[in-house]
Amino acid sequence: MNADFKRNNYPNGFFQYSANTIFLNKPDDRPFTTDGQTLFYLSTEEIFTYNIFGAYVQDQIEITPKLKALLGLRYANYYSRYHVPSITYDGVEFNEYNENPQVTSTFIPRAGLIYQPWKNTSLYFDYNQGFTPQYNNVKAYGGPFDPETSNQYEFGYKGSFFDNSLLAGVSIYRIDKTNVLTNALDPNNPMLLRAIGQVRSQGVELSLTGKVTDGLFLTANYSNNSTKVRKSNKPVEVGQVFSNSPKHIASIWASYQFEKGSLKGLQLGMGPRYTSNRFINIKRSNADVLILPKYTIADAMIGYQRSRYGLQFNINNIFDKRYAQSGSNTVYAPGMPRNFMLTATYSFKKS
């Protein structure tokens, strides 16, 4: 049995900024050089609180030496609260707004089967239920909304090769979600949301990871996904592609670690990440919907590990690619520009 607790408190509210314009058809063009300006300001008087508590039990039962069952049950409790006092901002008065604290809880089951016909081969089936409270639940956004719930079915294969040095996996899945929020496309309130009756995601995921040769490690992933509206109070949306759902996602990461000589302990790594086109809103028949272009970004790493000490330097988005990561209505969220991270580690156990 395990338990977890997470507290998120934002006593100083949020600042939100606009980003420099991206031409979606030519995202690498950079005609605008001005710094991002404030899009709108959320008062530092605002108080946001989200608390999450969970506890779960899980057990694996051996039915036969080759067949095992997995059973689990999780209890989840969510608490959220939003409050802002009466304030005057930019000459405009805002009345006090105090949302009643929302407390939601539920029991979430999980069940699965694992069949191992051979030592290095596993076939599995997994069923999960999901329950997530809506975090965009304030009245100004159209809330409160019922929690998002889901049912997930997954069938897959996992195998190992070359003395377990290379691992391969294939999974076929289907996820049905209810009460999924989407933009209401209200011209008078661009932040207004509404809930979709049901959205279904289904597809296949492929993975390959492990040691290719002495010192060379490879991780490759590919996902082919279809996410469409199944139920909606707007019949024209049924069967249409849901927003921000790419059909293809792929990534490759290769790293090489020197194991001998004067360079022993040095590690180099690099790989690209690819995401295909997405619609910024639900695709509709006979209607133009803004497309967020596909993008590929590359990351790299150099590290050194010796005895108990380690040092690693990462560069993410090496070529400073400009891209739209996601969007809603006519507003997009820009992807992270080139960034750096330096990590130092020390192990109390000598390697």
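**Notebook: a predicted all-strand chain**

I started at Ala324, which is buried, with a relative accessible area of 3%; buried means under 20%, exposed over 50% and partly exposed in between, using a 1.4 Å probe and protein chains only. The model is predicted, so local features need pLDDT of at least 70 and side-chain atom pairs count only at pLDDT 80 or more, while totals for chains, interfaces and linings use all residues. Residues are numbered from 1 along each chain as its sequence is written, and side-chain values use heavy atoms, with hydrogens and water left out.

**Entry: around Ala324**

I placed Ala324 in strand 20, residues 324-328.

**Entry: the whole chain**

I looked up the secondary structure and found zero helices and 22 strands. Helices (H or I, at least four residues) and strands (E, at least two) are DSSP runs numbered from the N terminus. Of the 351 residues, 33% are buried. I then checked contacts, meaning heavy atoms within 4.5 Å. Among those between residues at least 6 apart in sequence, 58% join residues at least 24 apart. The chain exposes about 21,800 Å², and carbon and sulfur atoms supply 56% of this area; accessible areas come from the Shrake-Rupley method with a 1.4 Å probe.

**Entry: strand 18 and its partners**

I count two strands as paired if DSSP finds at least two bridges between them. Strand 18 (residues 295-306) pairs with strand 15 (residues 266-275) in the antiparallel sense over ten bridges. Within this pair, Asp299 is the bridge partner of Gly271. Strand 18 also pairs with strand 19 (residues 309-316), antiparallel over seven bridges. There, Ala300 stands opposite Ile315. Two residues separate strand 18 from strand 19 in a hairpin, and Ser307 in the turn has a positive phi of about 55 degrees.

**Entry: the second largest pocket**

I took a pocket as an open set of points on a 1 Å grid over the protein atoms alone, where a 1.4 Å probe fits, with protein on both sides within 12 Å along at least five of seven lines; lining residues have an atom within 4 Å of a point. The second largest pocket holds about 270 Å³ of space. It is lined by 16 residues, and the closest to its centre are Lys177, Ser201, Asn225, Thr227 and Ser245. Strand 11 (166-183), strand 12 (193-213) and strand 13 (216-231) each supply at least two lining residues. Strand 11 gives the largest share, four residues.

How values were computed. Grid points are joined across faces, edges and corners, and a volume is the space filled by probe spheres set on the points.
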